[in-house]
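These are my notes from looking through one structure. I wrote the entries in the order in which I looked things up.

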Amino acid sequence: MDKVSYITRLLFSSTLKRVMTLVVVLGLISAPAAAKTKLNIEGLAGDLEKNVEVYLSAIEEKDYSTSLRFQSRVESTVTEALKAMGYYAPTIVIQVDEEKDVLTFTVDMGEPVTIEEVDVVLDGEADQDDAFHNLLQQSAVQKGAILNHGDYDALKSGIRNMALRRGYFDGAFTLSRLEVSPERKQAFVRLHYTSGIRYNFGTTLVQGSHIEESKVQSLIPYEEGQPYLASDIGSFNQNLSSTGWFGSIYIEPDLSQVEKGRDLPVNVQLSPQSQNQIETGLGYSTDVGIRGTLKWKKPWINRFGHSFDSSFQLSQPEQIITVGYEIPLEDVLNEYYRFAYGMKHLDNRDTESLEATAAVERHWQLDSGWHRTLYLKAVQEDFQQGSQDDSFFMLLPGIAYSKTRSRGGAMPTWGDKQRISVEYGDENFLSETQVLRLSGNTTWIRSIGSNHRGIARLDGRSNFTEDVTRLPPSLRYFAGGDNNLRGYGYESIAPVDEDGKLIGAKYMVTSTLEYQYRVYGNWWLAAFVDYGDAFSETPEWKTGTGVGVRWASPIGPVRLDFALGLDAPEGEQFQFHFGIGPEL
């Protein structure tokens, strides 16, 4: 063979190999993906089915096939899942449909293993502790019950955890065994626990605190010599955190003192919170439009725990500045004095006012859950309300009670909020006129299941006075807007003067019924009816109704409502309302 022919054949052979490789690759790309084997488990229901699904979830779907090896793996997994639930002798029939690539396991659970004997022994002081006996009574591990390995593990860990939570730091199992006889279909539970003594709270040693010792000690929810409870440590941590004084909090019993006496010292390590905190916010509602907020807070000023806060809120109709100074008393969390001063400029509809308010407040958190506030408030307001241009001063002593309860996060599944207050002003005591002010409101949230919520509100307010025009606008009532009568403009409902301009009302009553349905995830649809009026003589009840959308966002509930004011003037019947904020 000559040299040219050899080179030609070599080139042809190399090219042919490349073409064949390309054909194979294209064939693999264009070939339909292999069908996945479908796995069916039949004959199971309820917790048994769920447990088998959990065990099978450890097998990746890419490993599914009709091979004997895979069949054996699934059969073994199903058997283990059933054993964990007390079924030790299941019968499993396997069917293979090669054409449809389906693998079916039909399971007959057989007779379950039942618990023949529960041998639980508590030795030491735990035997006299009702909490342990209640745990044993409530456990699913009982004679005659179907064996469940999870229930056995839960009982064992429950005893151990309860001992740690209740101060039995010497406790240990001397025997922990689960015996199973599959042939006899019987199980025997044996748990012997020696608890030793129950330790007490000893001296609480506080380090790193910049607040005087007596203030910190007043936050301790336990007495020295009281039996140890981990929940009391948690309450202490929560109390310290609630003050806002500390940046870091670390509390632990000194376990190095175990076996040196019954009383265990408690070590508390604290560090100061930043002395200055700045917070900014931006929000929007159809009542006031875009609102910007700037807050400056000093959570502690001195070693006595005094604090200072201030805020500035800016929107088109309202500009508000407030400052406050708080002095905690002996019961730091529940009793304190607060001094507050604020200025507000309002320019909305027929109201333009500049209001300055100063208040001295005494606060109590009552054991019943109610928060009581006794206060003296001074109000100086220069205003133009409709055609009235005036300046009034009011000195109003008052008392208020409020209470809020909720469960379920930003959009509670259950909750209620109540507030009642009484204020009095008299012309013989520096006020412009005599007035008795009463107000009360309540909100209730209830749920049925996880997809249905209902909200009901009732709000009533009154000024018992001869002439409402002798009150500054901030003490009169105007209805309408996002938070009471939807379907009507913000504070557009009140008696009017001869020129048709708003005067403000002596009384206001509003109510709401709202139903919400979860559509998907954190999204809800709502339907509502609002009813009420702001009036000085005879009410002319007004109704607003509509539908809305709710979103449980990370920053709180977002509300968008499309409302009809059934008694609104022509051309103003439709309103849309948007807001962000808590429902309680």
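Entry: E491. I looked up E491 and found this residue in the loop between strand 20 (452–464) and strand 21 (507–520). The model is a predicted one, so I take every value here as computed from it. E491 has a positive phi of about 50° and is not a glycine. I noted that most residues other than glycine have a negative phi. Is E491 buried, exposed or partly exposed? The relative accessibility of E491 is 22%, so E491 counts as partly exposed; the cut-off for buried is under 20%.

Entry: R349. I then turned to R349, which also is not a glycine and has a positive phi, of about 55°. I located R349 in the loop between strand 14 (335–348) and strand 15 (351–365). Its relative accessible area is 48%, so I put R349 down as partly exposed.

Entry: N276. Which loop holds N276? I found N276 between strand 9 (263–272) and strand 10 (277–285). N276 has 41% relative accessibility and therefore counts as partly exposed. Setting aside neighbours within four places in sequence, I listed W296, K297 and K298 as the contacts of N276.

Entry: R184. At 56% relative accessibility, R184 counts as exposed, because the cut-off for exposed is over 50%. I looked up T114 as well: R184 and T114 are 70 residues apart along the chain, and their C-alpha atoms are separated by 9.5 Å.

Entry: helix 3. I checked the length of helix 3 (residues 68–84). Its 17 residues should span 24 Å at 1.5 Å a residue, and I found its end C-alpha atoms 25 Å apart, which agrees. Which residues of helix 3 are buried? I noted F70, Q71, V74, T77, V78, T79, A81, L82 and A84. The elements that cover these buried residues include strand 1 (38–42), helix 2 (46–56), strand 2 (91–97), strand 3 (102–108) and helix 5. Just after helix 3 I came to G86, with a positive phi of about 100°.

Entry: helix 2 against helix 3. I looked up how this pair is placed: the axes come within 9 Å and cross at roughly 135°. Helix 2 and helix 3 are therefore oblique to each other, and their crossing is right-handed. On the helix 2 side I listed L48, N51, V52, Y55 and L56, and on the helix 3 side V74, T77, V78, E80, A81, L82 and A84. By class, I have nine nonpolar, two polar and one charged residues in the contact of helix 2 with helix 3.

Entry: helix 4 against helix 5. At what angle do helix 4 (residues 130–138) and helix 5 (residues 149–165) pack? I found an angle of about 165°, with the axes 11 Å apart. Helix 4 and helix 5 are therefore roughly antiparallel. The crossing of helix 4 and helix 5 is right-handed. In this contact A131, F132, L135 and L136 of helix 4 meet L155, G158, I159, M162 and A163 of helix 5. I sorted the residues of the contact of helix 4 with helix 5 into eight nonpolar, one polar and no charged.

Definitions and conventions
Residues are numbered from 1 along each chain as its sequence is written. This is a predicted model: local features need pLDDT of at least 70, side-chain atom pairs count only at pLDDT 80 or more; totals for chains, interfaces and linings use all residues. Side-chain values use heavy atoms; hydrogens and water are left out. Axes are lines fitted to C-alpha atoms, for helices over the stretch in contact, and angles run from 0 to 180 degrees between N-to-C directions. Helices (H or I, at least four residues) and strands (E, at least two) are DSSP runs, numbered from the N terminus. Angles under 35 degrees count as roughly parallel, over 145 as roughly antiparallel, 65 to 115 as roughly perpendicular and the rest as oblique. A crossing is left-handed if the near helix is turned anticlockwise from the far one by less than a right angle, and right-handed if clockwise. Contact means heavy atoms within 4.5 Å. Ala, Val, Leu, Ile, Met, Phe, Trp, Tyr, Cys and Pro count as nonpolar, Asp, Glu, Lys and Arg as charged, and the others, Gly among them, as polar. The expected span of a helix is 1.5 Å times one less than its number of residues. Buried means under 20% relative accessible area, exposed over 50%, partly exposed in between (1.4 Å probe, protein chains only).
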